[in-house]
Amino acid sequence: MSRLATGLHRLRRSSSSPWEVLWSALASCGLVIFSQLAVAMVPRLFPSLSLLAMLPIAGLVFLAAIVLGRLWRRFIGVAASAPLFVLFNILLLWGVYVFVIRRDTSSLLDMLLNAECALLLWGLYRILSGDPGIVACDSSYLEEAGCKDFVEAIYPSEKLPMLSRVRQCNWCKATIRGYDHHCPAFGTCIGQKNHRLFMALLTGFVVAESTYTMCSTKYITRCINSGTLRSENPVSLNLVISTMLFSILQVVWQVVFLMWHIYCICFNIKTDEWVISNFPCFGLFLHQLQVVFSLAVSCS
Ligand SMILES: [Zn+2]
């Protein structure tokens, strides 16, 4: 049943043609370059500001770049992919580290950052190719549940503790066991089978981006102390500062998100259930938004 369910889910995901995937990859890569270039303008436009003061400006610029990128993609009719956006950002940070920052870091930090980036890529591949806990609407599932039909199997979950927390994701149109939420960044549901991997990945992102921030700080400190700040290649220097600002911004929201998920694990809470029970209007709005988005995607 598990293999069948995974196969169905993958089939649904891989319904795009190779050309659409290629255009999507190019659009995602272009969005990464555009957003990083936009953030790189912050230290150029505000050179007298401290890094701390640059952070909120960098955050706003990054958001504006993402919104502009979305509008542009909609205008030219190409859909980007959030997981590819994440992938290209990892590759960009790793590339900037290897070609610019690496010479200023210790061998221990060098080993750590390379290992963390490699693990992130492996984890991203695993979560994109894995099964979040899809429940197939076939007879074996009904037999397992001891139910006559699928509706009976899913909705009265209080009567069937083993089937509790089975929810349908409106983004994926898939029914997921132990559904927590749909992760837009990874483009997949987070359910019973991939929740641990999701937590490991989230922690990995926080650790890797913190390590990257440490390494880039060392590079900038070395430039300031040695008086070579002005003689450094301006493209490299701005790229280091912009990726460092980007990493700090990412760490800030990811730490909050990670704390939330640790809280959920401690108190046996699922994000989707918590949103619907505490903010029913927001939950309804979110579900309607997901339905509209799904319709827009299926019609495009
Ligand atoms: Zn989903």
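This is a predicted model: local features need pLDDT of at least 70, side-chain atom pairs count only at pLDDT 80 or more; totals for chains, interfaces and linings use all residues.
The protein chain contains 11 helices and 4 strands. Of its 300 residues, 29% count as buried. Among the contacts in the protein chain with a separation of 6 or more, 73% are accounted for by residues 24 or more positions apart.

The UniProt record, an unreviewed entry, assigns the feature "transmembrane region" to residues 21-42, 48-68, 75-100 and 239-263. Two of these spans were examined in the model.

Helix α9 comprises residues 234-266, 33 residues in total. The distance from its first C-alpha to its last is 47 Å, close to the 48 Å expected at 1.5 Å a residue. The buried residues of α9 are L237, L239, V240, I241, S242, T243, M244, L245, F246, S247, I248 and Q250. These buried residues pack against four other helices, namely α2 (18-45), α3 (51-76), α4 (82-101) and α8 (195-225).

On the α2 side the contact is made by Q36, V39, A40, V42, P43 and R44. On the α9 side it is made by N238, L239, I241, S242, T243, L245 and F246. By residue class, the contact of α2 with α9 consists of 8 nonpolar, 4 polar and 1 charged. Several of the α9 residues in this contact, including L239, I241 and F246, are also among the buried residues of the helix.

Helix α9 is followed by N268, which is placed in the loop between α9 and α10 (271-278). Most residues other than glycine have a negative phi. N268 is not a glycine, yet its phi is positive, at about 50°. N268 counts as exposed because it has 7 C-beta neighbours inside 10 Å, and a residue with 12 or fewer is assigned to that class.

Two residues of helix α5 were also considered. D110 lies in this helix, which spans residues 107-129. D110 has 17 other C-beta atoms within 10 Å and so is partly exposed. When neighbours within four places in sequence are left aside, D110 is in contact with R102 and T105. Along the chain D110 and C215 are 105 residues apart, while their C-alpha atoms are separated by 8.5 Å.

R126 is likewise found in helix α5. R126 counts as partly exposed because 13 C-beta neighbours lie inside 10 Å. R126 and N194 are 68 residues apart in sequence, and the C-alpha to C-alpha distance between R126 and N194 is 9.1 Å.

Terms used
Residues are numbered from 1 along each chain as its sequence is written. The expected span of a helix is 1.5 Å times one less than its number of residues. A residue is buried if 20 or more other C-beta atoms lie within 10 Å of its own, exposed if 12 or fewer, and partly exposed in between; C-beta atoms are placed from the backbone. Two residues are in contact if their C-beta atoms, placed from the backbone, lie within 7 Å. UniProt positions are given in the numbering used here, feature names are shortened, and annotations may be inferred rather than shown by experiment. Ala, Val, Leu, Ile, Met, Phe, Trp, Tyr, Cys and Pro count as nonpolar, Asp, Glu, Lys and Arg as charged, and the others, Gly among them, as polar.
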